[in-house]
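This briefing looks at how the parts of one protein chain are arranged and how they meet. Please keep the structure in view while reading the points below.

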Amino acid sequence: MFTLSELQDSAQLVHRHMAPTPAHDWPLLAQALGARVIVKHENHAPTGAFKVRGGITFIDWLRRTHPECRGIVTATRGNHGQSQARAAVAAGLEARIVVPRGNASEKNAAMRAYGATLIEHGDDFDTARELAMQMAETEPLFPVPPFHHELLRGVASYGYELFTAHPDLDVVYVPIGCGSGICGTIAARDALGAKARVVGVVSERAQTAKLSAEAGQMIETPDALTFADGMAVRVPVQAALDIYGPGADHIGTVSEDDIATAIRLYYTATHNLAEGAGAAALALALKEREQLQGRKVGLILSGGNIDAAWFRSVLAGEVPQA
C-alpha cells in the first residue's frame, strides 16, 4: 500500500497541521486485561477523532491535482465530516455534508462550526452516502468517498506514530466502520515491518465488515442499528475489504452492552471520553482477555465525540438506543 518513505512524507504533512497524538500506558487497563496496554489517543486529535488526518491529506491532494475545484460533498455520521469541513474550509473550499436524519446533534453542531453546510437525508449513513455521490454528479462539487487512497495515507499516520514508538506490540485492536482506520493500521504495520496482529472490531448490530471478510466478498446487512455510530455501516467498501480481509488477524463482534461497559471503563480508568466506536477496541479486548495475558496490547481509541445525553446514560449504567 505505502512504502516507508511515503508514510514518512504523509506523517510530515499531517504533523504540519496537528501534533502527534499520545500513546499512553494505563495501569488500571493493564489490571483489567492482564496485559500491558498502550492506548493510542485519537480522541486527542483536533476534531476529537482520527479522521482529521485523512482530511488533511485529501484536501492537500485535491488542491494540487484539481485546482479548479470549488468545493466538496461527502456523507458522514460526524467524524469524517468534521475532518473534511475543517480542511476544506481552511483551504477556501465549500463543504457540503450529508448526514442521516437523527444524527448525533453535537457532531452536527461541530461540523457547522467548521463551516460545513449540512443536509439531512435518509435513515442511515449508506443512504446519506448515496445522495452525496448523486449531488457530485449534478453540482460542481468534488465527491469525497468514505474510503480513498488519499484519505488512507493520512489516517495511516496514526499507525506510523504508534508502531514507531511501540514496535514490540503483540496485537492492536481497531474498530471498523468503512475501514480506513484498520487499513491504515495494517499499512503502517507492514511498511514498518512490525509483527503485531491487527484485530478488527465491529458491533454485533453492524457486521458487514466481518461477514464480508469471512465470505471473501461484499456482504450487505439490512440495517446497522448501533449507538456506536462510527461503526454503523451496512454496505462494505470493496477497496477496504481488499486490505483488511487478508490483513486482519480476525474480526470480532461486541454487543451494545460491551461497548457501554468499555466507555465506562475508559472514563474510570483513564478519565478519557470515548464514543461508541472509540471504545469498541477495548470492548473486544476485554472479551478476549484470556488470550492476552502477559502480552503488549495496543488499543485505538478512535474518537471521543459522544453526545452528552448518551454519555450520561452510559455513566448511569444504561445503554443508549440507536
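The model is predicted, and its chain is assigned to two parts, domain 1 (4-50 + 149-316) and domain 2 (51-143). The centres of these domains, taken over C-alpha atoms, are separated by 22 Å, and the contact takes 33 residues from domain 1 and 28 residues from domain 2.

**Annotated span**
- According to the UniProt record, an unreviewed entry, residues 16-303 carry the annotation "domain: Tryptophan synthase beta chain-like PALP".

**Contact between the domains**
- The size of an interface is often expressed as the accessible area that is lost when the parts come together.
- For domain 1 and domain 2 the buried area is about 2,600 Å², and carbon and sulfur atoms give 52% of that area.
- Between domain 1 and domain 2 there are 24 residue pairs in polar contact, counting pairs in which both residues have pLDDT 80 or more.
- On the side of domain 1 that touches domain 2, the elements giving two or more residues are α1 (4-15) and α7 (149-165), and the largest share, eight residues, comes from α7.
- Sorted by class, that side of domain 1 is made up of 17 nonpolar, seven polar and nine charged residues.

**Salt bridges**
- Side chains of opposite charge can pair when their charged atoms come close.
- The count of salt bridges comes to 18, and the count between domain 1 and domain 2 is six.
- K107 and E275 form a salt bridge in which the closest N and O atoms are 2.8 Å apart.
- D60 and R64 also form a salt bridge, with the closest N and O atoms 3.1 Å apart; because D60 and R64 are four residues apart in helix α3 (residues 52-65), they are separated by about one helical turn.

**The loop residue H148**
- H148 is located in the loop that runs between β6 (142-144) and α7.
- Although H148 and G54 are 94 residues apart in sequence, their C-alpha atoms are 9.1 Å apart in space.
- When residues up to four places away in sequence are not counted, H148 touches F58 and W61.

Definitions and conventions
Residues numbered from 1 in each chain as written. Predicted model: local features only at pLDDT ≥ 70, side-chain atom pairs only at ≥ 80, totals over all residues. Heavy atoms only, no water. Domains from an automatic or database assignment. Contact = heavy atoms within 4.5 Å. Buried area = accessible area lost by both parts, 1.4 Å probe. Salt bridge = Lys/Arg side-chain N within 4 Å of Asp/Glu carboxyl O. Polar contact = N/O pair within 3.5 Å; in protein donor to acceptor, adjacent residues only side chain to side chain. Nonpolar A, V, L, I, M, F, W, Y, C, P; charged D, E, K, R; others polar. UniProt positions renumbered as here; feature names shortened; annotations may be inferred.
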